[in-house]
Amino acid sequence: MSTDTSPSSTVEPPTTPAGKAADYLDQRTGVGVAVKEFARKVFPDHWSFMLGEMALFSFVVLLLTGVFLTMFFDPSMALIEYHGAGPESMQGQLMSVAFASTLDLSFEVRGGLLMRQIHHWAALVFMASIVVHMMRVFFTGAFRKPREINWLVGTVLMILGLAAGFSGYSLPDDVLSGNGLRITDGVVKSIPVIGSYTSYFLFGGEFPGEHIIPRLFTVHILLVPALILVLIGVHLFLMVLHKHTQYPGGGRTDKNVVGYPLFPVYIAKMGGNFFIVFGILALMGATMSINNVWNYGPYDPSPVGAGAQPDWYMLFLEGSLRLMPGYATEWVIFGYTLSLNVLIPAVVIPGLLFTFLFVYPFIEARVTGDKREHHVLDRPRNVPARTGLGVAFLTAFIILALAGSNDLIATHFGMSLNQITWAFRILFFAGPVFAYWVTKRICLGLQRKDRELVLHGHETGRIVRFANGEYIEVHRPLDDQERWLRVNYDAHRPLEIEPATDARGVKRPGYQKDKQWQKLSRFFFEDRVEPVTPAELAAAHAHGEHDEIEAAPRSPELVSGTENADREQ
Amino acid sequence: MSANQNPHPGQEVTATSSTSPERFEDPGVPAHKPRLTDTDPQAARRNERIVTIIFAISCLGAIASLVAYFAVRPDGTTEGTRLSTALLGVTMAISLLGIGVGAIHWAKSLMSDHEHVDERHELASPPEVRAVAVQHLADGAEDSGIARRGVLKGAAVSALALFPLTFAVPLISSVGGDWDVSKFRHTIWERNRRLAYDPSGRLIKASDLTVGSVAHVIPEASQEEMRSHEWITEKAKAVVLLVRLNPEDLRSDQSPEGETWSYDGIVAYSKICTHVGCPVALYEQQTHHLLCPCHQSTFDMADGAKVVFGPANRPLPQLPITVDDEGYLMAQDDFAEPVGPSYWERLK
């Protein structure tokens, strides 16, 4: 073979322009390998898999509109007297350049107000789709091995989303956002030992100073978006590496992935989804005005609007601050002040909520003792304790968010603010417990309904009378697919641990710790409904031709723990 | 025969438990159900037309957006800007949604919807690969000699640990300004500084205030002072809310023994909430309660600004006031304690 032959000389040289371009590229990058690997990569189909996409696409919209805004926004706190294209009420007012340039980009720049409004709506939708996507991942158990790390990446992304939203909200330097910053300053000051210095660190001196807006600008357009971009890269890389999870169904196992190929189906569907997300955000930006800062005016430390609300994702923090009683919660220890009335609601409570999110996958892995890879999702009913905990978490979050609007609830419904606050204080503790209990009962009920369906089939409404005068209703058995969906799950049992002492009566180290985990495992899996086995189905049918299955005195379907099997009906 | 290979398993399964398998068997991927467009060429053509029309609508939306841009110029009013925004946004949305809906309808109605199955492979690398990887690391460590060369290791770690200081020290020394947190303790209120209305700066005469009236107050300052950035920061600490009560209603204030901090039923309290620092602004004349609109801490102005409800713990600090010879209200002194939210060194 002569030296001047190209490496691809063994195949036909391409003739079409596209073929030539591909050949050129492949000889320099080997892109063919990637195309072979990814072009027809299979993705499972489900509407709920779109939620994460929506978060991604609203982030892209944020980047696009954000670039537009940075062309005109000037993050300076220098004071000027405003004379510009903005509304009459703003003329001649003393304001920061940041506020003035917000007015100018809204009123002077063509399409500027549209971009500002799309940007703000996109931020709200970004956070909402992240939260709903997390709910989907949580309730279906998609965080299980091997995806624990990706769950952590996602949770960090959610927190970065909060940071992006908060820093962006503060940039126009209006009265509302300025008071938001002031609250932040108050919260930061409550941190023991380093609080005052942290406040100086943020503001470059005393609040508000003249540094905070430029600093937040850098945070908002560089630091946080860069981190978000990197982590989105990691998030998607891991998603591709793990291959997407799939909902349970016929032929779907932990060893395969069933769905449609990336090219062309998902290129079209995902690309289309991007344009739909962008289109709806554009429609919102066009028709729903948001954050009309000229109605609030530039920041001034004295006024404050009544009924002011932060953006929705910050409401839980606001509500937490509102609910905490101030009485006897500021302690002075050796002359140092510890203000628990701020520290607990603004630092400890969110800390606990986020900690729950960070550690949950690892707790669940420990109490199941399950080390297998999981790629088939759980139906939420099949893991009642997890579903209950998730709903309890959401209940706490929603109660705090509602408490963040307690003044609006009071004025809209003509109720006493103080009574509402007290009701929320109690609900914050009682609500999640109640929600856990109700959710778990509903899950167990649904599982029993599944058993019932598998064992007895669908009611047909057809009544048959036998020669002996007996009436029965004919039940139609489930088909393979219907039944498989209802029997294909693991009902985890509580951990079994080694005894406290070995055969020679020597105490085993680590027994106490194991026992704690076992206790937690019982909390999760003591009440469970086992899936129907073929034997049970056979027995149910052997019992009689008429699907007349009398409930056994001790129903085998619900096993309650190991030692008290008949506690539950 | 196992139950799930049977087309109608439910009716025919009669096996006893001793011969049944532990679990049901996977029935496999359900058979493909053809769509109308798969079987009816006319339906396929119709859907092709629909997709084409949707993309065409998108094109029209983009063109309409340009028309809106050039034809409808804002007239300088807020309404004009709103109209222009709405037109630009709606046409933009049409062009975007057209692409999105068209592409998805294309995928759903015309692209093949046969399900594919890909295999998954366990993520953990095979044992032999792992063994090689571990060997590589061991070889590398051996090559570097890090285990033998303890001093070198210490020096390298020290260098890595120290270099961030070259970056951090200049940053930290400047990022907090002068780092003088004792500034929290003082405001610009001082003896003989007169009280002025916020924001006009007009001075307040005690005789101007009727019983039940309330005034938002700033310290007297020159126009020049009030247009500086320092002023905003000072104002953020110094704002005061002043109320004239019927002297009989004034149950108590914060005056220490032998001093009078209020004047003829007029009391002045810091407007900065002791919770997290919002301006406390809503005064209820009948109950003498002052409510913070941010977190609803409620203070009783007739009773030393004590907390009656909400998350605040401490009363609002009182500004000691009196009148000068001309009858203008003026401060006797700065606040006796730091205003605003609590912080670690507050009482030090």
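In this predicted model, His288(B) is buried, with 21 other C-beta atoms within 10 Å; the cut-off for burial is 20 or more. The phi of His288(B) is positive, near 60 degrees, although the residue is not glycine. Notes on backbone geometry, helices, a hairpin and record annotations follow.

- His288(B) sits in the loop that links strand S6 (282–284) to strand S7 (289–291) of chain B.
- Asn192(B), also not a glycine, has a positive phi of about 75 degrees.
- The loop holding Asn192(B) runs between helix H6 (150–175) and S2 of chain B.
- Asn192(B) has 11 other C-beta atoms within 10 Å and is therefore exposed, since exposure is assigned at 12 or fewer.

**Cis peptide bonds**
- Lys145(A) and Pro146(A) are joined by a cis peptide bond with omega of about 10 degrees.
- Pro146(A) belongs to the loop between H5 and helix H6 (148–170) of chain A.
- In chain B, the bond from Asp198(B) to Pro199(B) is cis, and its omega is near 5 degrees.
- Pro199(B) is in the loop between strand S2 (195–197) and strand S3 (214–219) of chain B.

**Two helices of chain A**
- Helix H5 (residues 112–139) of chain A has 28 residues, so at 1.5 Å a residue it should span 40 Å; its end C-alpha atoms are 40 Å apart, in agreement.
- H5(A) is mostly covered, with 22 of its 28 residues buried.
- Gly141(A), which follows H5(A), has a positive phi near 70 degrees.

**Hairpin in chain A**
- Strands S7 (residues 458–465) and S8 (residues 471–476) of chain A pair in the antiparallel sense over five bridges.
- His458(A) is opposite Arg476(A) in S8(A).
- Five residues separate S7(A) and S8(A) in the hairpin, and Gly469(A) in the turn has a positive phi of about 95 degrees.

**UniProt annotations, chain A**
- An unreviewed UniProt entry gives "transmembrane region" for several spans of chain A, including residues 49–73 and 342–363.
- Residues 49–73 of chain A are 84% helix and 0% strand, with end C-alpha atoms 36 Å apart.
- Residues 342–363 of chain A are 100% helix and 0% strand, with end C-alpha atoms 30 Å apart.
- UniProt (unreviewed entry) lists "domain: Cytochrome b/b6 N-terminal region profile" for residues 21–248 of chain A; this span is 68% helix and 4% strand.

Methods:
Residues numbered from 1 in each chain as written. Chains lettered and ligands numbered in written order. Predicted model: local features only at pLDDT ≥ 70, side-chain atom pairs only at ≥ 80, totals over all residues. Expected span 1.5 Å × (residues − 1). UniProt positions renumbered as here; feature names shortened; annotations may be inferred. Pairing = 2+ DSSP bridges.
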